[in-house]
Amino acid sequence: YSHIQQVSNIFQIDQKLLVSAIGVEQFRYLTTNRAYAKKMIKSNKHLTKFSKFSYGPWWIKVATAREIQDSVKKYNPEIYQKYFQEDVWLKNSALIEKLEDEFWGILYAWALIYSIQERWKQAWFDISHKPGVLITLYNMWNPKHKKPHANPDIWGSIIIVEWDKRYFWEIWELFYYYLKYYILE
């Protein structure tokens, strides 16, 4: 939690956004069978190429981490120089180690949320008060082909919770507001 607070201060963004994003990602991981399949596939390094895997509890892919580096460079050159500039030259294996590190994994996840908000804000659409939209874009890794606009859709990915179907964004948004009003200051 101290890393979350530290990274929240770096980007000056509400820490509840990241806590809830991480919490729901972990919930999704624990309630789906794909986690078991990924573990099995990852154990045999001769069968797979790891470009499609997400790393750390924050589920950042290597390609996404490279895009995050570019986004931070664009939206906040000072943070880029301090934290990300050296990472551009890392080999994928070294970047994976960073993504699996507690502090650096949180930094990358937070940088993704920051980049999403900044991209939309610079297009004159502030989505900081729309956690459902933000988690949809976080889960999609902030795709460039999704242009900011006034009426963004939320993603229809479904998670089954005790035999009840819930939208991924819905669980995340409920968790965010629970943290906002009952847990975190």
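**Exercise 1. Decide whether K74 is buried or exposed, and find its place in the fold.**

Solution. K74 is exposed, because its relative accessible area is 60%, and the classes are set so that buried means under 20% relative accessible area, exposed over 50% and partly exposed in between, with a 1.4 Å probe and protein chains only. The residue sits in helix 4, where helices (H or I, at least four residues) and strands (E, at least two) are DSSP runs numbered from the N terminus. Between the C-alpha atoms of K74 and S115, which lie 41 residues apart along the chain, the separation is 8.9 Å.

The model is predicted, so that local features need pLDDT of at least 70 and side-chain atom pairs count only at pLDDT 80 or more, while totals for chains, interfaces and linings use all residues. Residues are numbered from 1 along each chain as its sequence is written, and side-chain values use heavy atoms, with hydrogens and water left out.

**Exercise 2. Describe how helix 4 and helix 7 are arranged, and which residues make their contact.**

Solution. Begin with the geometry: the axes of helix 4 and helix 7 (residues 102-122) come within 9 Å and cross at roughly 50°, axes being lines fitted to C-alpha atoms, for helices over the stretch in contact, with angles from 0 to 180 degrees between N-to-C directions. The two helices are therefore oblique to each other, since angles under 35 degrees count as roughly parallel, over 145 as roughly antiparallel, 65 to 115 as roughly perpendicular and the rest as oblique. Next, list the residues in contact (heavy atoms within 4.5 Å): A65, I68, Q69, S71, V72 and Y75 belong to helix 4, and Y108, A111, L112, Y114, S115, E118, R119 and Q122 belong to helix 7.

**Exercise 3. Determine how helix 4 packs against helix 5.**

Solution. The axes of helix 4 and helix 5 are 5 Å apart, and the packing angle is about 135°, which makes helix 4 oblique to helix 5. On the side of helix 4 the residues are I68, Q69, V72, K73 and Y75, and these meet P77, I79, Y80 and F84 of helix 5.

**Exercise 4. Locate N76, and name the partner of its side chain.**

Solution. N76 occupies the loop between helix 4 (62-75) and helix 5 (77-84). With a relative accessible area of 15%, N76 is buried. Its side chain makes a polar contact with the side chain of Y114 at 3.3 Å; such a contact is a pair of N or O atoms within 3.5 Å, where within protein one must be able to donate a hydrogen and the other to accept it, and residues adjacent in sequence count only if both atoms are side-chain atoms.

**Exercise 5. Examine the backbone of Q12 and W124.**

Solution. Most residues other than glycine have a negative phi. Q12 is exposed at a relative accessible area of 66%, and W124 counts as exposed at 79% relative accessibility.
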